[in-house]
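User: I'm new to this one and would like to learn how to read it. Could you take me through it feature by feature?

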Amino acid sequence: MKLKSVVLLFFFATIKLAYAQSAFTFFGTDIKPGTKHHFKIPISDDKDSTFIPITVFRGEEEGPVLGITAGVHGYEYPPILAGQRLIKSIDPKTLKGTVILVQIANVASFSGRSPFINPLDDKNLNRTFPGNSEGTVTEKIANFISENVISKSDYFLDMHAGDASEDLTSYSAFYKNSTMPEASQKAKEMAEALLFDYIIVFKTDGKDYVKKDKPSLYCSAEAFKRGIPAVDIECGGLGKSEKEKVLQVENGVLNMMNKLDMTVTNSEVIKKSTYQFVSNRVSQESNHDGIFYASKQSGDYVKQGMTLGVITDYFGNTLETLYAKANGVVLYIVGTPPINTGETLVTIGDIAEK
Ligand SMILES: [Zn+2]
């Protein structure tokens with residue numbers, strides 16, 4: 001071998017070494033570069049026991065850590081099924097950095113077909129963060145995710161859909177705060193790369209859940225509070241699991257990873273030019289218990305004063321007609337008949353800044 005070749009070989013070996021991943025340990029297991037590892041994290045309190053299925057993907061090359069949660073609400077299926085596909089479509093051989101993917105944060109809600117809450121302790125996991133290591137199972141799940149997933153993440157994504165009764169427009173959302181311009185800007189870029197038609201801006205200035213001495217309540221808010229760029233998605237609704245929505249989530253996540261420079265591919269980051277920002281949302285509540293007949297669907301454009309639906313009593317008598325209080329797109333509307341006093345009937349997104 002000529003000297004020049006030896007020098008070159010040494011040079012490339014050094015380059016390779018420079019980009020090789022350092023050690024990454026999750027739940028006591030060292031994940032080797034270029035591999036993935038599945039975990040079933042046991043969670044129990046005095047009364048109940050459950051587990052959290054998590055996949056950790058370790059790229060061969062150095063890069064950031066992306067935390068992703070699905071199934072914080074176990075009746076919200078497209079992101080959960082997208083997570084199952086990502087087991088194959090995130091390839092540790094072409095990954096730069098690490099992905100910690102919580103497949104189903106709330107397994108009892110999923111297997112028990114229980115919307116909104118964990119049936120073991122009746123708590124809503126997405127109102128429980130940062131959780132409590134000494135609490136009930138839902139509080140312990142939140143604590144585990146806060147301390148073992150969010151705490152390790154450079155970027156964070158929490159994935160939802162419309163629950164059993166929720167007719168929802170698909171969108172991404174990002175956290176924004178004037179004291180955290182860099183994390184806010186990065187989160188905005190992540191939200192754009194998720195490729196939904198609408199992007200909700202979570203304006204958090206002055207909000208309790210981002211204050212140091214107050215609980216974050218929401219999974220992704222816990223990440224943002226720690227200075228981590230954080231986004232949410234909502235994709236699909238009414239407890240359905242349409243393939244189109246599943247693929248939309250999967251493609252969005254892969255494009256966002258590409259945008260974050262987490263993949264060794266030559267594929268361009270897809271840029272969408274048609275999305276719209278929604279910086280204000282107007283929600284309207286029910287004043288009655290009864291039966292709701294919606295006359296609009298998610299995604300419909302409405303004008304202030306337009307009829308959105310009617311609530312009757314259990315004998316067919318009209319109790320209330322719901323009129324839109326704003327112009328904009330219906331982001332959410334109750335999609336099944338039961339309605340109770342104080343529940344949100346509709347949320348309208350004010351289409352604003354571009
Ligand atoms: Zn949800």
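User: How many bridges join strand β15 to β16?

Analyst: The general idea: strands of a sheet pair through backbone hydrogen bonds, either parallel or antiparallel. Two strands count as paired if DSSP finds at least two bridges between them. Here, 5 bridges join β15 (residues 307-312) to β16, and the two run antiparallel. T312 has T318 in β16 as its bridge partner. The names come from DSSP runs numbered from the N terminus: helices are H or I with at least four residues, strands are E with at least two. Keep in mind that this is a predicted model, where local features need pLDDT of at least 70, side-chain atom pairs count only at pLDDT 80 or more, and totals for chains, interfaces and linings use all residues. Residues are numbered from 1 along each chain as its sequence is written.

User: What sits between β15 and β16?

Analyst: They form a hairpin with 5 residues between them, and G316 in the turn has a positive phi of about 85°.

User: Which order do the strands of the open sheet follow?

Analyst: The order is β16-β15-β13-β18, 4 strands with antiparallel pairing. Its edge strands, β16 (318-323) and β18 (338-339), each pair on one side only. At the β18 end, 2 bridges join β13 (residues 290-294) to β18, again running antiparallel. I291 has P338 in β18 as its bridge partner.

User: Is D122 buried or exposed?

Analyst: D122 counts as exposed because it has 11 C-beta neighbours inside 10 Å. This residue lies in the loop between α3 and α4, and its phi is positive, about 60°, although it is not a glycine. P130 lies in that loop between α3 and α4 (137-148) too, and the peptide bond from F129 to P130 is cis, with omega near 10°.

User: Where is D261, and what is its phi?

Analyst: Look in the loop between α7 and β12 (276-285). Phi of D261 is near 60°, a positive value in a residue other than glycine. With 12 C-beta neighbours inside 10 Å, D261 counts as exposed.

User: Which domains does the chain have?

Analyst: Domain bounds come from an automatic or database domain assignment. That assignment gives domain 1 (22-259) and domain 2 (280-351). Their C-alpha centres lie 29 Å apart. Residues are in contact if their C-beta atoms, placed from the backbone, lie within 7 Å; here the contact takes 9 residues from domain 1 and 12 residues from domain 2. On the domain 1 side, the largest share, 3 residues, comes from strand β8 (residues 166-168).

User: And the chain as a whole: how many helices and strands are there?

Analyst: The chain has 7 helices and 19 strands. Of its 354 residues, 48% count as buried. Its C-alpha trace spans about 90 × 50 × 40 Å along the principal axes.

Methods. Two residues are in contact if their C-beta atoms, placed from the backbone, lie within 7 Å. A residue is buried if 20 or more other C-beta atoms lie within 10 Å of its own, exposed if 12 or fewer, and partly exposed in between; C-beta atoms are placed from the backbone.
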